[in-house]
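Dear colleague,

I am passing on the structure we spoke about, and below it you will find my notes on what turned up when I went through it. Please read them alongside the coordinates.

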Amino acid sequence: MTSLALAPLEDGARRRAACVRARRAWRRVSILLLCISVARAADVSVLGAPWSLSVGSASLQAGAGTDFLSPVASEVFIAVLAISNTGGANWNLRIAREGNEAQWPPGVSVSLRRSGGSAEAGIIDGLAYRTLTSDLQPFFSGTGDYASVEILLRLDGVTVQTPPGFYSLAIRYAVDVP
């Protein structure tokens with residue numbers, strides 16, 4: 001029978017063993033840092049001009065004493081969105097109404113939809129009007145970059161009882177890469 005006795009490591013051998021363990025731990029940390037640094041981002045830019053609408057007697061359903069035609073929808077694009085720097089990844093676009101909603105007349109809501117034009121092939125959702133709220137909500141999604149996504153606006157609830165005035169609105173667009 002053979003017996004084996006383990007002698008304590010010399011000081012130099014201990015240092016070498018500690019260095020090997022430290023290198024292995026460093027490799028794990030550097031791999032973790034590498035994974036964190038490859039997170040994707042995308043950008044959305046908005047090109048648009050102020051949109052205004054005058055609602056008058058020509059907008060009445062059947063002349064004096066009747067209500068306005070409802071809903072009131074923009075016939076031109078209020079904005080054109082460009083979604084870029086996606087790296088070919090999937091993305092989701094969300095929308096929200098920004099600012100003071102209290103300045104708007106009660107019962108009037110603002111909705112958006114995309115036009116669905118040929119430059120938007122491959123985008124999912126967004127063809128039905130989505131009512132804006134102060135919370136970011138899903139609007140549409142896609143994959144890769146898009147240079148021209150056309151946005152239309154609709155107002156619901158405008159009546160002859162709506163006080164005349166100038167009402168402003170800011171819309172927030174946010175693109176997320178899951």
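**Salt bridges**

Arg-114 and Glu-120 are joined through their side chains by a salt bridge, with an N to O distance of 2.9 Å. Please keep in mind that this is a predicted model, and that every value here is computed from it.

How many salt bridges does a search of the whole structure find? The search returns 3. Another of them links Asp-176 with Arg-94, whose closest N and O atoms are 2.6 Å apart. Since Asp-176 belongs to strand 9 (residues 170-176) and Arg-94 to strand 4 (residues 90-98), this pair ties together parts that are 82 residues apart in sequence. Asp-176 counts as partly exposed, at 28% relative accessibility, and Arg-94 also counts as partly exposed, at 27%.

The side chains of Arg-154 and Asp-156 likewise meet in a salt bridge, at 2.9 Å from N to O, and Arg-154 is partly exposed, with a relative accessibility of 22%. Asp-156 is placed in strand 8 (residues 146-156), and, once its neighbours within four places in sequence are set aside, Asp-156 is in contact with Pro-71, Gly-107, Val-108, Ser-109 and Ser-111.

**Strand 8 and its partners**

Strand 8 deserves a paragraph of its own. Strand 5 (residues 109-114) runs antiparallel to strand 8 and is joined to it by 6 bridges; within this pairing, Leu-112 stands opposite Leu-153. Strand 3 (residues 79-84) also pairs with strand 8 in the antiparallel sense, over 4 bridges, and there Ile-83 has Tyr-146 as its bridge partner. Strand 2 (residues 72-73) is antiparallel to strand 8 as well, with 2 bridges between them, and Ala-73 is the residue that stands opposite Arg-154, the arginine whose side chain meets that of Asp-156 in a salt bridge.

Which element gives the most residues to the largest nonpolar core? That core has 29 residues, and those with the most contacts inside it are Trp-91, Leu-93, Leu-112, Phe-140, Val-149, Ile-151 and Tyr-173. Two or more residues come from each of strand 3, strand 4, strand 5, strand 7, strand 8 and strand 9, and strand 8 gives the most, with 5 residues.

**The chain as a whole**

The protein chain contains 1 helix and 9 strands, and along the sequence they follow the pattern α-β-β-β-β-β-β-β-β-β. Of its 178 residues, 27% count as buried. When contacts between residues at least 6 apart in sequence are considered, 77% of them join residues at least 24 apart.

**A loop residue**

Thr-133 sits in the loop between strand 6 (130-131) and strand 7, and is partly exposed, with a relative accessible area of 35%. The side chain of Thr-133 reaches the backbone oxygen of Asp-135 at 3.1 Å, while its contacts, leaving aside neighbours within four places in sequence, are with Ala-96, Arg-97 and Glu-101. Between Thr-133 and Ser-111, which are 22 residues apart in sequence, the C-alpha to C-alpha distance is 9.2 Å.

**Confidence**

The mean pLDDT of the protein chain is 79, with 78% of its residues at 70 or more. Confidence is highest in strand 7 (residues 137-143), at a mean of 97, and lowest in helix 1 (residues 11-37), at 46. Over residues 1-9 the pLDDT is below 50, and this stretch has 2 contacts in the model beyond near neighbours in sequence; over residues 25-39 the pLDDT is again below 50, and there the corresponding number of contacts is 0. Where pLDDT is low, the predicted coordinates should not be read in detail.

With best regards

How values were computed:
Residues numbered from 1 in each chain as written. Predicted model: local features only at pLDDT ≥ 70, side-chain atom pairs only at ≥ 80, totals over all residues. Heavy atoms only, no water. pLDDT = per-residue confidence, 0-100. Contact = heavy atoms within 4.5 Å. Salt bridge = Lys/Arg side-chain N within 4 Å of Asp/Glu carboxyl O. Buried < 20%, exposed > 50% of the residue type's maximum accessible area, 1.4 Å probe, protein only. Pairing = 2+ DSSP bridges. Core = buried A, V, L, I, M, F, W, Y, C linked by side-chain atoms within 4.5 Å. Polar contact = N/O pair within 3.5 Å; in protein donor to acceptor, adjacent residues only side chain to side chain.
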